[in-house]
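Here is a short report on one residue and the sheet around it. Look at the structure first, then read on.

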Amino acid sequence: MANNIAFQPKGKTTRINLTTSANTVAVLADNPSNQLRIHNGTATEVFIRIGTSSTDNVAIPVAGTPSYGFVLHNNATTTITAPGQATSGNTCYVSGIVASGTGIIYVTPGEGL
């Protein structure tokens, strides 16, 4: 559950290297957590999808064809509520892609703003 407190990490930060093909990685928390802090550490926009399956790959939307996911602008950080709780026994998957070139995102499970 989202808290009106400062973000508290509840697991290890995962680095995900991005290319023009979706890269989907498991993110585990040490304690129950349903939020993720995601930082785009590059100078390009990245497209991200959060899911509960290793096949929940992100795709870049095109005109007339929507896709699951959201954009995180260059060098931006956001905290989102994930669709499933990331715990030591429950895996949350983060998928990322860039339209061109390469990118890097950092994902930390936790709670708070």
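A residue counts as buried under 20% relative accessible area, as exposed over 50%, and as partly exposed in between. The model shown here is predicted. In it, N23 has a relative accessible area of 26%, so N23 is partly exposed.

**Around N23**

N23 sits in strand β3, which covers residues 23-27. Leaving aside residues up to four places away in sequence, N23 touches I16, N17, V94, S95 and G96. How far apart are N23 and S54 in sequence and in space? They are 31 residues apart in sequence, and their C-alpha atoms are 9.8 Å apart.

**The sheet**

Strand β3 belongs to an open sheet of four strands, in the order β3-β8-β5-β6. The pairing is antiparallel. Strands β3 and β6 are the edge strands, and each pairs on one side only. On average, neighbouring strands of this sheet are turned by 30 degrees against each other, direction ignored.

In general, strands of a sheet pair through backbone hydrogen bonds, either parallel or antiparallel. Strands β5 and β8 run antiparallel and are joined by five bridges.

| Strand | Residues |
|---|---|
| β3 | residues 23-27 |
| β5 | residues 46-51 |
| β6 | residues 70-72 |
| β8 | residues 92-97 |

Terms used: Residues numbered from 1 in each chain as written. Predicted model: local features only at pLDDT ≥ 70, side-chain atom pairs only at ≥ 80, totals over all residues. Heavy atoms only, no water. Helix = DSSP H or I, 4+ residues; strand = E, 2+ residues; numbered from the N terminus. Buried < 20%, exposed > 50% of the residue type's maximum accessible area, 1.4 Å probe, protein only. Contact = heavy atoms within 4.5 Å. Pairing = 2+ DSSP bridges. Axes fitted to C-alpha atoms, helices over the stretch in contact; angles between N-to-C directions.
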